[in-house]
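Me: Please take one part of this model and go through it closely. Then place that part in the rest of the chain.

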Amino acid sequence: MTDYLIKNESSEEGPPPTIENIEIYHQNASTVNISSNETKEKNLLNEVYETEEVKLNGRMLIAQDNTCFWSGLTTQGKKWEVYQGNSLSIMSSLPNDTFHCIVTSPPYYWLRDYNVEGQIGMEWKIADYITSIADVMDQAKRVLAKDGVLFLNLGDTYYSGKGQSRGIDKKSKKRRFGLRAVDANGLGVPKKSLIGIPWRVALEMVNRGWVLRSAIIWDREQALPENVKDRPSRSYENIFMFVKSKKYYFNQKALEGQKEDVWSISARPKLTPGISTAPFPDELAQKCMDVGCPPNGNVLDPFAGSGTVLRVALTSGHNATGIDLNPDFCSFMVKKIKVL
Ligand SMILES: C[S@@+](CC[C@H](N)C(=O)[O-])C[C@H]1O[C@@H](n2cnc3c(N)ncnc32)[C@H](O)[C@@H]1O
């Protein structure tokens, strides 16, 4: 389902949407004209706009359902935007070559229920999950600047084939949700096998034209060990570094004095009371941006959750855009961002 439609009123291509000269149509149809200077003068910094229709430089953004768009400036003048909705359809409405760095962690395969219709991660077939993520990444490639960099964090899943779990997951209640494809019969891999999800996604993205520059290991320090007796407990995840051109921004200095492709970072993120998004640790988001984002860059997280990437980007001097399907997560991240 398309959440937003773009009607380009000026020309086919049109200028990329910016925060300047926004006309905001509230539900009660009152229209507010704001330029960025006026915004500062009127002390409207960080105001949250929940809109049905937002007109951006001649481009009309129309929410077709209850989806929302929020936008503002930090006290340092950094621009942020949060879209609540499906990342595939929202990204389809964003202009080409806009973001210098995309840092994201999509939903893993059958590991968590985000309680929202249309969520990725609960596809009955492995191939459908791979397609869902790769389709979003096609859009990520289009909106990524020509010299931009994408950091994609993905975790793997085992195929148990044991039928619906009746036990209590000590780590997280959110990880038990009826019969999962990875517990049911017929997933197409041998029972007890690691599925290889991150590499399946990465190779599909390469097939679709992405350049895979590094498969960074995130050594998840202080991660709770898995309760397993017949295989090594997992302690790392992949962070794939993708680009779309031969020349791109890469700040190797940010990796000095350490193994460049093994990042030892605590798996303990900031607490996000009231919501459960499997957040990134701040340090991981920071490292991706230190390595792959030029100063004053535009950063995007198409699966923004609690807004870790946006918060870290804005406090590091970048502009930030986030998308998430879950309205509660969007409200949470907007609350955190608007005080920056
Ligand atoms: C692993 S979490 C991201 C956590 C985030 N990195 C953080 O620091 O909080 C994945 C997110 O993807 C969102 N999501 C799932 N399906 C989506 C979809 N189709 N479009 C947009 N967001 C989606 C979930 O609501 C969840 O917040």
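What follows is about the contact of H3 with H4.

Reply: The model is predicted, so local features need pLDDT of at least 70 and side-chain atom pairs count only at pLDDT 80 or more, while totals for chains, interfaces and linings use all residues. Residue numbers start from 1 along each chain as its sequence is written.

The chain has 7 helices and 14 strands; these are DSSP runs numbered from the N terminus, helices (H or I) having at least four residues and strands (E) at least two. H3 covers residues 126-143 and H4 covers residues 197-207. Two packed helices are described by the angle between their axes and the distance between the axes. Here the angle is about 45 degrees, and the axes are 9 Å apart. That makes H3 oblique to H4. Axes are lines fitted to C-alpha atoms, for helices over the stretch in contact, and angles run from 0 to 180 degrees between N-to-C directions. Angles under 35 degrees count as roughly parallel, over 145 as roughly antiparallel, 65 to 115 as roughly perpendicular and the rest as oblique. The crossing of the two helices is right-handed, meaning that the near helix is turned clockwise from the far one by less than a right angle.

On the H3 side the contact is made by Ile-130, Ile-133, Ala-134 and Met-137. H4 answers with Arg-200, Val-201, Glu-204 and Met-205. Residues are in contact when their C-beta atoms, placed from the backbone, lie within 7 Å. An α-helix has 3.6 residues a turn, so residues three or four places apart point the same way. By class, 6 of the contact residues are nonpolar, none is polar and 2 are charged. Ala, Val, Leu, Ile, Met, Phe, Trp, Tyr, Cys and Pro count as nonpolar, Asp, Glu, Lys and Arg as charged, and the others, Gly among them, as polar.

Leaving aside residues up to four places away in sequence, Ile-133 touches Pro-106, Ile-120 and Val-201. The C-alpha atoms of Ile-133 and Val-201 are separated by 7.2 Å, although the two are 68 residues apart along the chain. In the chain, residues 24 or more positions apart account for 71% of the contacts with a separation of 6 or more.

Trp-110 is buried, with 24 other C-beta atoms within 10 Å. Asp-97 lies in the loop between helix H2 (87-92) and E8, and its phi is also positive, near 50 degrees. Asp-97 is partly exposed, with 14 other C-beta atoms within 10 Å.

Strand E8 (99-104) in turn is among the elements that cover the buried residues of H6, as is H5. In H6 (residues 308-315), 7 of the 8 residues are buried, so this helix is largely enclosed by the rest of the structure. H5 (residues 282-292) is mostly covered, with 8 of its 11 residues buried. Over the chain, buried residues make up 38% of the 340 residues.

Technical notes: Two residues are in contact if their C-beta atoms, placed from the backbone, lie within 7 Å. A residue is buried if 20 or more other C-beta atoms lie within 10 Å of its own, exposed if 12 or fewer, and partly exposed in between; C-beta atoms are placed from the backbone.
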